[in-house]
Amino acid sequence: MRTRRFTALTLTLALGGSATLLAACSSSGSSSSTTTPSATATCNATALNAATGPVTINFWESAARANATVLANLTNQFNASQTKVHVNLVVQTSYADTWQKVKAGLSNGQLPDVAQIQDTDTQGAIDTGAFLNEQNCINGFSYQTSDFLPRALAYWSVNHQQWAMPFAVSGPVLYFNQNAFTKAGLNPATPPATLSQMVADAKTLKTAGQGGMGLVLDPWHFETWLATENDLLVNHNNGRTGRATAVAFNTPAADQIFSELNQMVSAGDATTNSAQGAAAFDNLLGVGSGKYSMTIDTSAALGTIQSLLATGQYPNVKLGVAPFPTAVANATGGVQPGGSALWISSKSSPAKEAAAWEFVTFLDNTASQATWAAGTGYIPLRTSSANTPTIQKLWATNPQFKVAYTQLVGGAATYASAGAVLGSFDDVRTAIATAEATMFLGKESPSAAVTMAANSSNALISNYNQRIGQG
Amino acid sequence: MRRSLRESSLAYLLLLPALAIFGVFTFYPFLENFRLALYENPPFPGLPSHYVGLSQVGSVLGSTGFHQSLVSTFLFVIMVVPCGLLGGLALAVAAHQKLAGMSIYRTIFSSTVVSSVAVAAVVFGTLMDPVVGLLPWLGINPTPPILSNPTWALPAVALIAIWQFLGLSFIIMTAGLQSLPEEVLEAARLDGAGGWTMFWRITVPLLSPSLFFGVVVGTIYAFQSFGQIDILIGPQNAAFTHTNVLLYYVYNALSVQNNPGLAAVLSIVLFTILLVLTLVQFRFLERRVHYASD
């Protein structure tokens, strides 16, 4: 029996050992060197012209499927258009994968020259010290940004520095089934414009035997409701004039938003689903199956939704797309953007940095933005792109694609509508979603849930700041 | 004397490769882990860490996330180990008949050992799916759905772990049953013991080494469960659904939050719990184990 005893003990030690091993193997240790971002970086045409032969750069992109194809075509077009720069497109398929690999690259040195990084990682990307402040390139190349949509630029501007150029930008919009509206006696031409109208319409739809609201637990929507009211998510002007140290949303305005959502869920007029994992699209699929008559989701999903509807699988659905319902009537703020930007590595040589900038500005030029927007459903980021025949024709034949653009150029351009920038943003979103879910289970009142979200977010933010050495 | 010295040095020489591998991949990381627990790490590699001493250990042990994780872990183990063992025992007893074709059943019952966690998770995930699943169709359809519901998610992942553990438990119990001394059973039968008396008074005590081994292995298996949670729940929802068991918390802290310090503290706790549990099991449970063949 000694062998059995030995086996069991060994197993215990092996498990304990493997858990500790897991922790130890990716340690960054205590002796790592501090790398300061190249504050005095020069990003200009001289560096590129000095290079002999074409400069090859790696671009880690996060788009998948149809969007990845459009991006690959644009990249080929760029490579064919000139001889100074050659771009290797590396498909990482998702924001999470790209970011995970960037983090891995910080320890093993395998970093891209350009990366497509999601909005919630803006503060993180700055804090890694591995990315160039692209304001240097704007200055070095005397690049003009006046043609861009101001809020798209503002979303990646921190301390008045344009850290990254926007690329794939979308907004949350209201998708609804016009047939269900008609059957319930509602006018599909006047979809709900405010949160309280949405709550009332959900009740009307549900009472009339149509599906209610499919509510995805995505805190991006909560943030956007705050932005429409011109309210901040975090302090220091949403982290835009100083590092965010606490949330700013523990207010009656947030209580009101939570309370209206809770009213809709507790009355059974809305059903929730998680924004992560397998359930992430249940709200959209539910509109297709007739389970729901309305939902809020990203405008970037519109292309996929329209192509699914075109297959004829959902004969009972006549899709309507409306602007994001604002938190209150006569809202003074605006809808914040969402999406990703193009970041340039500061670990690359000056020639590669300049080459990367050439490529970034190609992807952001008038024609590319028009192609990208028409091919994917993202918002064209330049006024001139919106005026191209490509986009004008698209909008004339398919006005639903214009909704997200119109709401992003409408409303006020303030720190609130620029959206927030903070460390551990994803964790804060999880904390807000958890508080919402707890409220929907009936375990917390709306205002207690807001306080719960605020307290756990504050703990996350201060923990992040402390770990970054800014506590 | 000289000869024995030469022999022992040869022994050490032969042990050296194994020791080197263990040293580099097990002992060094194990010790390094204790050092890591004293440092607060930046959220990204390449930035400086700060020495914070035992304060990190204190703050982790005092956090609600840790308490929640601890409760979930023990609930999970309490659900998995007894159910898995008793289920395996029941199947083993059922299959311990000299009937034609029994080997087919033995193969079926032990097959969960070779099924991958990922496959099991996907199959069970489909059964629990709110739209197309079997369980919702049978009326078990809570809001939010089973796998995002704080009340249902932990029993749901425990069910998958039990199902997976059944195979191993069945094999251990079958092996135990087959090695029971025939003469003892025979004697009991002659003394007029009925089926239940035989089972509880003779079979179970004689099986106690297998049961004991099963408890130890099952406990370790339950503490090790990871795949079901990662595939069906995911790091973002684990805390809310109370499925953030310790091992998953370690992974979460390390890979998602990029926090080796937190992961180090948690893995030391996990190691300590397992060590204490195993010692307790050997000290108290083993006394009640009857080793017939020793």
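**Figure 1. A:Met294 is a buried residue of strand β10 in chain A of this predicted model.** The strand holding A:Met294 covers residues 292-298. A:Met294 has 29 C-beta neighbours inside 10 Å, so it counts as buried. Leaving out residues up to four places away in sequence, A:Met294 touches A:Leu174, A:Phe176, A:Ala202 and A:Met213. A:Leu205 is also marked in this view.

**Figure 2. Helices α3(A) and α16(A) cross at roughly 160°.** Their axes come within 9 Å. The angle is over 145 degrees, and the two helices are therefore roughly antiparallel to each other. The crossing of α3(A) and α16(A) is right-handed. From α3(A), the contact residues are A:Asn67, A:Val70 and A:Leu74. From α16(A), they are A:Ser368, A:Thr371, A:Trp372, A:Gly375 and A:Thr376. Sorted by class, this contact holds three nonpolar and five polar residues, and no charged ones.

**Figure 3. A:Gly375 of helix α16 lies 7.1 Å from A:Asn67, C-alpha to C-alpha.** Along the chain, A:Gly375 and A:Asn67 are 308 residues apart. Helix α16 of chain A runs over residues 366-376. A:Gly375 has 18 other C-beta atoms within 10 Å and is therefore partly exposed. Both A:Gly375 and A:Asn67 belong to the contact between α3(A) and α16(A).

**Figure 4. A:Arg65 has a positive phi of about 50°.** This residue is not a glycine. A:Arg65 lies in helix α3 of chain A, which spans residues 65-81. Its surroundings hold 9 C-beta neighbours inside 10 Å, so A:Arg65 counts as exposed.

**Figure 5. A:Asn330, in a loop of chain A, also has a positive phi.** The value is about 55°, and the residue is not a glycine. The loop connects β11 (319-323) with β12 (338-344). With 6 C-beta neighbours inside 10 Å, A:Asn330 counts as exposed.

Figure 6. A:Ala351 has 19 other C-beta atoms within 10 Å and is partly exposed. A:Asn365 is 14 residues from A:Ala351 along the chain. The C-alpha atoms of this pair are separated by 21 Å.

**Figure 7. Residues 1-39 of chain A have pLDDT under 50.** The model has 84 contacts for this stretch beyond four places in sequence. Where pLDDT is low, predicted coordinates should not be read in detail. For chain A as a whole, the mean pLDDT is 89. In this chain, 91% of the residues reach 70 or more.

**Figure 8. Helices α7(B) and α9(B) come within 9 Å, axis to axis.** Helix α7 of chain B comprises residues 153-178, and α9 comprises residues 195-224. The axes cross at roughly 160°. The pair is therefore roughly antiparallel. The crossing is right-handed. On the α7(B) side, the contact is made by B:Ala161, B:Phe165, B:Leu168, B:Ser169, B:Ile172, B:Met173, B:Ala175, B:Gly176 and B:Leu177. On the α9(B) side, B:Leu207, B:Pro209, B:Ser210, B:Phe213, B:Gly214, B:Val217, B:Gly218, B:Tyr221 and B:Ala222 take part. By class, the contact has 13 nonpolar and five polar residues, with no charged residue.

**Figure 9. Chain B has 13 helices and two strands.** The C-alpha trace of chain B spans about 75 × 75 × 30 Å along its principal axes. Of its 294 residues, 40% are buried. Among contacts in chain B with a separation of 6 or more, 69% join residues 24 or more positions apart. Chain B averages a pLDDT of 89, and 98% of its residues score at least 70. For the complex, the predictor gives an ipTM of 0.78 and a pTM of 0.86.

Note on methods. Residues numbered from 1 in each chain as written. Chains lettered and ligands numbered in written order. Predicted model: local features only at pLDDT ≥ 70, side-chain atom pairs only at ≥ 80, totals over all residues. pLDDT = per-residue confidence, 0-100. Axes fitted to C-alpha atoms, helices over the stretch in contact; angles between N-to-C directions. Helix = DSSP H or I, 4+ residues; strand = E, 2+ residues; numbered from the N terminus. Parallel < 35°, antiparallel > 145°, perpendicular 65-115°, else oblique. Left-handed = near helix turned anticlockwise from the far one by under 90°. Contact = placed C-beta atoms within 7 Å. Nonpolar A, V, L, I, M, F, W, Y, C, P; charged D, E, K, R; others polar. Buried ≥ 20, exposed ≤ 12 C-beta atoms within 10 Å, placed from the backbone.
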